[in-house]
Amino acid sequence: MDELLEILKEAKPDVDFSTEKKLIDNGILDSFDIVQLVMKLNEEFDIEIGAEDINPANFNSAESLWAMIQSLQ
């Protein structure tokens with residue numbers, strides 16, 4: 001999880017990803033951010049995030065992202 005938080009902090013240094021629960025709903029992450037994040041996560045965690053995985057439920061918080069990463073590993 002720490003590695004994920006570092007990746008998120010690189011993308012948006014001004015966001016507290018440990019507490020934010022509505023990254024998509026509040027517009028904190030836009031489509032460009034998500035594309036970059038998917039590429040980075042695929043590389044860093046040796047996973048393949050498919051189109052079916054790219055939805056607000058998986059990207060609204062660091063916890064939901066971490067759960068998705070674990071399920072894909």
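Student: Which elements make up the protein, and in what order do they run from the N terminus?
Tutor: The predicted model contains 4 helices and 0 strands. From the N terminus on, the order of elements is therefore α-α-α-α.

Student: Why may the protein be called as compact as a globular protein of its length?
Tutor: Its C-alpha atoms fill a box of roughly 25 × 25 × 20 Å along the principal axes. For 73 residues the globule rule gives 11 Å. The protein is as compact as a globular protein of that length because its radius of gyration is close to that value, at 11 Å.

Student: What share of the contacts with a separation of 6 or more comes from residues 24 or more positions apart?
Tutor: A contact here requires heavy atoms within 4.5 Å. Among contacts in the protein with a separation of 6 or more, residues 24 or more positions apart account for 55%.

Student: Which element gives the largest share of the largest nonpolar core?
Tutor: This core has 20 residues, and L4, L8, L37, L41, F45, F59 and L65 touch the most other members. Two or more residues come from each of α1 (2-11), α2 (31-45) and α4 (62-72). The largest share, 5 residues, belongs to α2.

Student: With which residues is L65 in contact, leaving aside its neighbours within four places in sequence?
Tutor: L65 is one of the core residues that touch the most other members. Once its neighbours within four places in sequence are set aside, the contacts of L65 are L4, L8, L37, L41, N58 and F59.

Student: Is S61 buried or exposed?
Tutor: S61 lies in the loop between α3 (56-59) and α4. Beyond its neighbours within four places in sequence, S61 is in contact with E20, K21 and L23. Its relative accessible area is 8%, and buried means under 20%, so S61 is buried.

Student: What is the relative accessible area of V15, a residue found in the loop between α1 and α2?
Tutor: Leaving aside neighbours within four places in sequence, V15 is in contact with K9, E20, L23 and I28. The C-alpha atoms of V15 and V35, 20 residues apart along the chain, are separated by 18 Å. V15 is buried, with a relative accessible area of 13%.

Student: Near what value is phi of D46?
Tutor: Most residues other than glycine have a negative phi. D46 is found in the loop between α2 and α3, and this residue is exposed, with a relative accessible area of 69%. Its phi is positive although the residue is not glycine, and lies near 55°.

Student: What distance separates the C-alpha atoms of E44 and L4?
Tutor: E44 is found in helix α2 and is partly exposed, with a relative accessible area of 33%. Leaving aside neighbours within four places in sequence, E44 is in contact with E3 and I7. E44 and L4 are 40 residues apart along the chain, and their C-alpha atoms are separated by 9.0 Å.

Student: How far apart do the centres of the positive and negative side chains lie?
Tutor: The protein has 5 positive and 17 negative side chains. The centres of the two sets lie apart by 8 Å.

Technical notes. Residues are numbered from 1 along each chain as its sequence is written. This is a predicted model: local features need pLDDT of at least 70, side-chain atom pairs count only at pLDDT 80 or more; totals for chains, interfaces and linings use all residues. Side-chain values use heavy atoms; hydrogens and water are left out. The radius of gyration is taken over C-alpha atoms; the globule rule is 2.2 Å times the number of residues to the power 0.38. Lys and Arg count as positive and Asp and Glu as negative; His and the chain ends are not counted. The place of a charge is taken as NZ of Lys, CZ of Arg, CG of Asp or CD of Glu. A nonpolar core is a set of buried Ala, Val, Leu, Ile, Met, Phe, Trp, Tyr and Cys residues joined through side-chain atoms within 4.5 Å. Buried means under 20% relative accessible area, exposed over 50%, partly exposed in between (1.4 Å probe, protein chains only).
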